[in-house]
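Student: I'd like to learn how to read a few features of a model. Where do we start?

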Amino acid sequence: MKRETALRGWVLIGLLVVSLVLYWAADTGSTALQAAMLGLLGLIALAAVWLWR
Amino acid sequence: MNVLDTDIEAWHALVAAAPIGLLLWLMVRQGWGAARAGPLALVLAVVLSLTVFGTDLELVARSQAKGALLSIWVLSIIWAALLLFHLVDETGEIQVIGAWLGRLAPGGALQVLLLAWVFTSFLQGIAGYGVPVAVVAPLMVGNGFAPAVAVITTLIGHSWSVTFGSLAASYSALAGVTGFGGDRLAIDSALMLGLACLLCGAGAVLAFGGRKALASVAAPLLVTTVAMSGTQLGFAAVGAYSLAAFAAGTVGLIVMALWGRFLRCDPADLLGDSTTVGAGDFIRVFAAYAVLIGVVLTVSFVGPVERLLDRVRIELAFPASSTSLGWANEATDSYRTLSPFGDTGSLLLYAALIGYVIYRLIGIIEPGGLGRAAQRTVSSAVSSSVGIVAMVGMALAMTDSGMTFALASGLTTVVGAAFPMVSPLIGVLGAFMTGSNTNSNILFGALQRDTAQLLGVSVTPILAAQTTGGAIGSMLAPAKIIVGCSTVGLGGQEGPVLKAGIRYGLVIAGIIGATTLAWTAVT
């Protein structure tokens, strides 16, 4: 599998996993954790914009 | 809570339109694919929900978790549908299906009616969410249609049947959320969808070959419209909602088959050689799709089987939440229940596996065909999947923060007494945002009901317009467009298809709106 295809696959998995982790982050009530996970989600989203350029 | 009791004002609508505007601009004007435009629109939606719409991090976090659940459900269908298609393609004889169906409908325009309008509606009756497009668009390409035409015509053609399709899930949602269930709403909805049936058939043929093509199939279009919409109306009127679209699609296939008896051509011509395609050839290649129809019907109508497959369920509860502008999301015990063995995606997977066994037994697929089909599925689905996850996340961020509501209520404020005219457009907006007629009805059903009551117009025609708009809007839902494009090798080129979907969707919704305005004026 080409490196770029593998990276794209990881972006997909990352988007789904981080979104699911946000469910538990919300349950903890920790604003710092929620901000960190949302920031990570944003970074993955921007990585997708770069990867599919 | 009355859905109109919030601090959301008309100017919020302009801000709320920004993520959608960005998405459309990037895809339609800049030619970006969904996997690139979707994530950027997601980021903008989250930022606006936090800065303008008064959400907190917890609400946004939960909205994205909801998005992940919905995405997993949608992706399971898409990946399994693609696997099924690639498996049939591995036989190397997929064009036999198109050629055989072509026997029933000589001529391109008539084939568009049969495949993109009637056959997709039949499939929508039993399995929704992109399955009709994912199944039929590649068949049309195999039959000589251009990939873009195949996707556009199937998207337009099937959409009228969405409300009562998938066992009437969208209609049930509308009745449940508004409390207006019963014969009156069912009949009004079926009448409005009957008009949509005609418009979708005509739209599909226009998208294929223009007015000349439409004129050439005017008679079968009208006859089949009467047959399909009349059947749906009859089933809806007697309360058999869940069977209404399936029955309509079945009657449509019968009518088209009878029509074709008088105009039959040699299918070998369609294959471009002297190959003779008999019923046996069709049946053996079509086996996997026949298994799918059988599996879905069995699970849908045999209670013990359905209960057995639904025993394992994944449910995540979400508490109530609200924004500082007063938009409230109700608590739910399970936002999107996942049933790993009973969901539509699983049924498609069963059909693929059983189909593979059948193909091996009759010797039309080489050993390892399943593995090769799976490999092709993975390589073709990753890009579409990223686009879908991002757009579902954007939709949930907008819905849970009240942005989608702001858009609809802003539209309502602007038009005033002409509200019935834009009523279907609100349904279209909901389906575009959420990718689903059902979710559109859940999102906007109460808004439509309350606005109609405030304006003193008849409620059931407005609700009928809402669900018809939701059905029509599903033709331009990005997730569905991505599914269609990925099955015909147009991945990353969704923009032009979206543009065509918007053009036809808005024209059809406009006609439905004018009809609603006239209808509410006389009732």
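Tutor: With burial. A residue is buried if 20 or more other C-beta atoms lie within 10 Å of its own, and exposed if 12 or fewer do. Keep in mind that this is a predicted model.

Student: How many of the 19 residues of α19(B) are buried?

Tutor: The count is 14 of the 19, so α19(B) is largely enclosed by the rest of the structure.

Student: Where does helix α19 of chain B bend?

Tutor: At Phe444(B), by about 45°. The helix covers residues 437-455. Just after α19(B) comes Gly456(B), with a positive phi of about 75°.

Student: Is Leu506(B) buried, exposed or partly exposed?

Tutor: Count its neighbours. Leu506(B) has 17 other C-beta atoms within 10 Å, so it is partly exposed. Leu506(B) belongs to helix α22, residues 494-522 of chain B.

Student: How far apart are Leu506(B) and Met391(B) in sequence and in space?

Tutor: In sequence, 115 residues separate Leu506(B) from Met391(B). In space, the C-alpha to C-alpha distance is 21 Å.

Student: Now the interface. How many residues of chain B are in contact with chain A?

Tutor: Chain B brings 27 residues into contact with 26 residues of chain A. On the chain B side, α2 (34-51), α3 (57-90) and α16 (369-400) each supply at least two residues. The most come from α3(B), with eleven residues.

Student: How do the residues on that side of chain B divide by type?

Tutor: Into 16 nonpolar, eight polar and three charged.

Note on methods
Residues are numbered from 1 along each chain as its sequence is written. Chains are lettered from A and ligands numbered from 1 in the order in which they are written. This is a predicted model: local features need pLDDT of at least 70, side-chain atom pairs count only at pLDDT 80 or more; totals for chains, interfaces and linings use all residues. Helices (H or I, at least four residues) and strands (E, at least two) are DSSP runs, numbered from the N terminus. Two residues are in contact if their C-beta atoms, placed from the backbone, lie within 7 Å. Ala, Val, Leu, Ile, Met, Phe, Trp, Tyr, Cys and Pro count as nonpolar, Asp, Glu, Lys and Arg as charged, and the others, Gly among them, as polar. The bend at a residue is the angle between axes fitted to the seven residues ending there and the seven starting there.
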